[in-house]
Amino acid sequence: MADGSVEYSWVIPLRGVTLPTANSRMHYQERARITKDIRELARVVSLSERTRHAWPRAAEPRLCSILLIRAGRQQLLDVDNAYGACKALLDGIVGAAMLVDDEDRWLTSYRVRQDRGGEPAVEVTVTVPPCTASPTLTW
C-alpha cells in the first residue's frame, strides 16, 4: 500500500453455514458445535491462504476488517450481533497465526461490516501498519 502498510485479504465461504448470534435461540450444545465448526473452517481456510501465499506468521499488532456478505434476502444483523457472530471467525484467524491474539495490544483495530450479495461469505482483510511492516534495527 502507498502508506507502507502490508495488506492480506482472503474469503471464507459460508455456504450452508449460519453464524450464531446473541439472539439465536438454540440449545447450548448445538451452539457449541456450530461455533466449533465455524472456528475450524476459518482456521483451515486462513491457514491455507497463509501457506499458499507464503504470508508470515503474525508477530506484531495488526488491524482486522471483516465483511459479512449476507445472501439475497437475509436480514442484516445489528451491530452487536454482527460482532458477536464474528467471534468464532476471529478465533479461527488467530488459530491460523494471521493474528497473534484478539486482545487489544495485538488487535489494534477491529471492524465488522455487512453487505448483501450472492453467496454468503466472509471477506477478511488483515493489515500490518507501516510502523511494524518493515522493522528497522537501531543500535
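The protein chain has an accessible surface of about 8,400 Å², 52% of it belonging to carbon and sulfur atoms (Shrake-Rupley method with a 1.4 Å probe; for residues, only the protein chains shown count as cover). This is a predicted model, in which local features need pLDDT of at least 70 and side-chain atom pairs count only at pLDDT 80 or more, while totals for chains, interfaces and linings use all residues. Residues are numbered from 1 along each chain as its sequence is written, and side-chain values use heavy atoms, with hydrogens and water left out.

Visitor: In what order do the elements of the protein chain run from the N terminus on?
Guide: Helices here are DSSP runs of H or I with at least four residues, and strands are runs of E with at least two, numbered from the N terminus. The protein chain has four helices and four strands. Starting at the N terminus, their order is β-α-β-α-α-β-β-α.

Visitor: What radius of gyration does the protein chain have?
Guide: The C-alpha atoms fill a box of roughly 60 × 30 × 30 Å along the principal axes. The radius is taken over C-alpha atoms, and the globule rule is 2.2 Å times the number of residues to the power 0.38. For 139 residues a compact globule would come near 14 Å, and the chain agrees with that at 16 Å.

Visitor: Among contacts between residues at least 6 apart in sequence, what share joins residues at least 24 apart?
Guide: A contact means heavy atoms within 4.5 Å. Counting pairs at least 6 apart in the protein chain, the share that joins residues at least 24 apart is 83%.

Visitor: Is I93 buried or exposed?
Guide: I93 sits in helix α3, residues 87-95. Leaving aside neighbours within four places in sequence, its contacts are W10, A42, S46, I66, M98, L99 and V124. Buried means under 20% relative accessible area, exposed over 50%, and partly exposed in between, with a 1.4 Å probe and protein chains only. At a relative accessible area of 0%, I93 is therefore buried.

Visitor: Which elements do the buried residues of α3 pack against?
Guide: The buried residues of α3 are A88, L89, L90, G92, I93 and V94. They pack against β1 (6-13), α1 (28-52), β2 (62-71), α2 (79-85), β3 (107-117) and β4 (121-128).

Visitor: Which residue just after α3 takes a positive phi?
Guide: Helix α3 covers residues 87-95. Just after α3, a positive phi of about 65° is taken by A97.

Visitor: How many disulfides does the count come to?
Guide: A disulfide is a covalent bond between the sulfur atoms of two cysteines; the rule here asks for a pair of cysteine sulfur atoms within 2.5 Å. By this rule, the count comes to zero.

Visitor: How far from C64 is the nearest cysteine sulfur?
Guide: C64 is in no disulfide, and its nearest cysteine sulfur belongs to C86. C64 is buried, with a relative accessible area of 3%, and C86 is buried as well, at 0%.

Visitor: How far apart are the C-alpha atoms of L41 and P13?
Guide: L41 is in helix α1 and is partly exposed, with a relative accessible area of 26%. Beyond neighbours within four places in sequence, L41 contacts I12, P13 and L14. L41 and P13 are 28 residues apart along the chain, and their C-alpha atoms are separated by 8.9 Å.
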